[in-house]
Protein chains: 2
Amino acid sequence: MKLQAAIDRVSLKQATQIAHQLDGIVDIIELGTSIIKDYGLETLKAQDFKLTKSELLLDLKTNDEGKYEFERGYQTSADILTVMGGSDESTIQQTYAVAQAKNKKMLIDLIETSDKKINQLTDYYQNAIFGLHHSKDSTEAYDAVASIEQFVKKHPTIKNIAVAGGIDLDQAQKIAQQGLANTIIVGGKIVGATDPVKAAQKFMEVIK
Amino acid sequence: MKLQAAIDRVSLKQATQIAHQLDGIVDIIELGTSIIKDYGLETLKAQDFKLTKSELLLDLKTNDEGKYEFERGYQTSADILTVMGGSDESTIQQTYAVAQAKNKKMLIDLIETSDKKINQLTDYYQNAIFGLHHSKDSTEAYDAVASIEQFVKKHPTIKNIAVAGGIDLDQAQKIAQQGLANTIIVGGKIVGATDPVKAAQKFMEVIK
């Protein structure tokens, strides 16, 4: 199981520092949508993060103009880009084609995507990672373990699941034991910790 | 009826030039999602567009973190920001609250939003502009006049409609005569024209 640490709502300087601290500690380092919309891909291309061990994910959350956004996104050193499951299917087709052609990865963000649409997506985009998560803005309670179980029952052909949403050490351990998800995504509980490296190491321990 | 000119997929320098050329010629100048994701809100804040007559719309296409994105977005001189209709309703609540508190406008982008969700949205967010359009990536034919008519039949309480999707002069005139939409959004046919000002003036003539 992989650990993805999500960096959000900090300055570019802080994001760069944290990314370098966590390089090699976690499997995937995510620069969240807030970093992209605040600073832009041109800046992220110019100030390359140059990770040496971890993969880099940019949470582009593409809704439209799939080919353009993914071509621009992969001009940075990103290994993985994200597209919204709720976008028009032509958009998802375009982003997938760009990712496959460049031998890169794509995550489909399933926020508010209907079950019917998810089934279409899991049939066609077998190499995609499916991002299961709660909107950060939602105030409803979220049980990640139960959500994963329910999700896999509904969509049994799915191969690669990433799960996010306020996951703490206890939940991370339970998700690892459950053995259905491939990646857990942790934000504030690593990046907002006094010592992000130590926090990340604790998560790595409980999921191995 | 208002005319909104959308600027997309050009350099920041070109975007700035075109925006200033069109200031006062069209009602609303849109900086598209491509400009935001390429250059970032920090850059757009620092290099303020300072429009004197037209309103400025930033096509943020917020999917999550509604409060954060809208607060950042309105730190530029934007009058209108956009949120995805397909996002979690808590996100739309947050963006609407920020827009109302700042006495600014919000457009809800209805790409791939279900009819049921649209009816909920039109009930609650009466001051929002509802953006009716086709995904740019879709290859299906799109008849804007027929789509507007159908849309208003399904959602009769809607007050403020903006319509986009490959609209040419002929369609613009028909939409104006139809009298149901409040704004038409034109991209390439103005911004991609040899003389964007002349092209915009022609659109203004046929919709008045």
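**The interface of chain B and chain A**

In the UniProt record, an unreviewed entry, the feature "domain: Orotidine 5'-phosphate decarboxylase" is placed at residues 2–203 of chain A. In the structure, which is a predicted model, this stretch of chain A is 44% helix and 20% strand, and its end C-alpha atoms lie 10 Å apart.

The size of an interface is often given as the accessible area lost when the parts come together. For chain B and chain A the buried area amounts to about 3200 Å², with 43% of it on carbon and sulfur atoms. Of the area that chain B buries against chain A, 24% is supplied by Lys37(B), Glu65(B) and Asp137(B), more than by any other three residues. The contact draws 37 residues from chain B and 37 residues from chain A.

On the side of chain B that touches chain A, two or more residues are contributed by each of helix H2 (33–46), strand E3 (55–62), helix H3 (66–74) and helix H4 (89–101) of chain B, and H2(B) gives the most, with ten residues. By residue class, that side of chain B comprises seven nonpolar, 15 polar and 15 charged residues. Ten salt bridges are found across the interface of chain B and chain A; in a salt bridge between Arg9(B) and Glu65(A), the side chains meet at 2.5 Å, N to O.

Key: Residues numbered from 1 in each chain as written. Chains lettered and ligands numbered in written order. Predicted model: local features only at pLDDT ≥ 70, side-chain atom pairs only at ≥ 80, totals over all residues. Heavy atoms only, no water. Contact = heavy atoms within 4.5 Å. Buried area = accessible area lost by both parts, 1.4 Å probe. Salt bridge = Lys/Arg side-chain N within 4 Å of Asp/Glu carboxyl O. Helix = DSSP H or I, 4+ residues; strand = E, 2+ residues; numbered from the N terminus. Nonpolar A, V, L, I, M, F, W, Y, C, P; charged D, E, K, R; others polar. UniProt positions renumbered as here; feature names shortened; annotations may be inferred.
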